[in-house]
Amino acid sequence: MLRFLTAGESHGPCLTAIIEGLPAGLSLDIDQINEELARRQQGYGRGGRMKIEKDTVDIVSGVRFGQTLGSPITLIIKNRDWGNWQEQMSVMGAEAGEAVTNARPGHADLTGILKYDRQDIRDILERASARETAARVAVGAIMKQFLQAAANIEIASHVINIGGVKFDKPVTFSVINNNRSQETGCVDQETEIAMKEIIDKAKQNGDTLGGVFEISATNLLVGLGSHIQWDRRLDTKLTAALMSIPAIKGVEIGDGFYYANLPGSQAHDEIFYEAQKGYYRKTNHAGGIEGGMSNGEDIIVRAIMKPIPTLMTPLQSVNILTNAAVKANTERSDACAVPAAAVVGEAMTAITLAETLIEKFSSDNMADLLSAIESYNLRINRC
Ligand SMILES: Cc1cc2nc3c(=O)[nH]c(=O)nc-3n(C[C@H](O)[C@H](O)[C@H](O)COP(=O)(O)O)c2cc1C
C-alpha cells in the first residue's frame, strides 16, 4: 500500500512529507522535483509570498545514492519566510504578534476556531493555507517519476477557464506539453491575453478569480482501480484526491456533466480490436475510466477552483472576540491561483495512479514490479 502524510504550517520552519510504500530501486532525480515545485509557484495573479519562497526539496530518508530503499521517504521544504515569523510562530515561549480576529468568508477561519477552540485565527489559517500543497507537489513529482519508470505513464494539465474566459476545445497530450503557457497554464495565446486582462481587472478591484483546469494522463495501463468495491474505484479515488485540493469545488471525468445532454448512442466509446494494438476506442467520452477502472485510453479529468477567498477589498464579516461587524482580514494573497492549482492537480493525479498501480502490481522492488507489469501486458495483449 502506498500512503503519504504532510505536516507543517504556512509560516512555520518547513513543510514535511513522509511517503511509505514505494518499491526499492527507483532512481530519483531531485532536479525534477524542484522543477515541479517551481511550476507550482508560477502563474499570473500570484501574490507576494511566491516572490519570497524559492521552494526546493531536501530528502532526508529512504533514498541512498539516488535510489529508493523501500523505507519511508521523508521530504522537507524549508519556508524562507520563516525568518520573518519566528516569534509569531514560535513552538514554545510567550505569545507574540497580533491575533487575527476578523474571519474571512470562504476560508477555514471561523469554523476552524469554533471547532478547535482557538482564539487566534492564525492557529487555523496557518495549516488551512494552500502552502501545504507544495508538499503534495513534491510527493507527486516522485510519483510522476515512479509512473514513468514503471509504465511510461505521463501526466500534464492545462487551464481552460479563468473567471469565465475559456479555451475548452479538445487538445492532444502533446499540444498540452508543448503549448502550455507558464503564466496562465492556457495552451491558446489569444485566450491567454484575455485571461491576463481579466486577472488584472480583478486585481485592480481588490477582487479574485477562480477557473477550471484539465488533467490528462497518457500511456495508461488497463485495469487500475476496480469495480468490486466503492472505495477501490479509480474514479472514486481520483475525484477525492482532486477535491482534497483547497478551493476545488467540482470534478468531472470525461464528458462529465455534459453527458446529461447526450443519448446513449452518442455517449459511449465503441470498442475495436487490432492484433498489433489490442483493444481500443476511437472516442474517449469516458475519459479513460469505465466501471471504476482505467480502460487504457487517456484519463481526462477537470476540476473547478472557486475564486480565492482572501480579498483585498474585503467582504463583510464579524470579529470573533467581540462579534462586532467588521471587514474580513486581508492576508497577503493570490488574486488567481488556477495555474498553480493545476500543478497540484497533476500531483494528486500522479499520487492516485501510483497508488492504484502499486495496489495492482504490489512489489517491494522495481525489478519485480516491472516483470509483473510486462507479463500482465502480454496476457491482455497490450504490449
Ligand atoms: C495553489 C493554491 C493557492 C491558493 N492561494 C490562496 C491565497 O493566496 N489566498 C487565499 O485566501 N486562498 C488561497 N487558496 C485557496 C484556499 O486555500 C482555500 O479556499 C481555503 O483553504 C478554504 O478551503 P475551501 O476553499 O476548500 O473551502 C489557494 C488554493 C490553491 C490550491
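Predicted model: local features only at pLDDT ≥ 70, side-chain atom pairs only at ≥ 80, totals over all residues.
1. Let's start with the ligand's surroundings. A shell of 19 residues lies around the ligand, and Ala247, Lys306, Thr310, Ser333 and Asp334 are the closest of them.

2. Ala247 contributes through its backbone, where an N or O atom sits 2.9 Å from a ligand oxygen. Lys249 uses its side chain instead: one of its polar atoms there is 3.0 Å from an oxygen atom of the ligand.

3. An N or O atom in the Ser333 side chain is 2.7 Å from a nitrogen atom of the ligand. As for how the ligand is covered, it exposes 620 Å² when taken alone, and the protein buries 86% of that area.

4. Now over to Asp364, which you will find in the loop that links α10 (338–360) to α11 (366–379). Is Asp364 buried or exposed? Its relative accessible area is 66%, and since exposed means over 50%, Asp364 counts as exposed.

5. Once neighbours within four places in sequence are set aside, Asp364 is in contact with Pro23 and Ala24. Ser71 is worth a look as well: 293 residues separate Asp364 and Ser71 in sequence, while their C-alpha atoms are 9.8 Å apart in space.

Conventions: Residues numbered from 1 in each chain as written. Heavy atoms only, no water. Helix = DSSP H or I, 4+ residues; strand = E, 2+ residues; numbered from the N terminus. Buried < 20%, exposed > 50% of the residue type's maximum accessible area, 1.4 Å probe, protein only. Contact = heavy atoms within 4.5 Å. Near = heavy atom within 4 Å. Polar contact = N/O pair within 3.5 Å; in protein donor to acceptor, adjacent residues only side chain to side chain. Areas by Shrake-Rupley, 256 points an atom, 1.4 Å probe, with all protein chains shown as cover.
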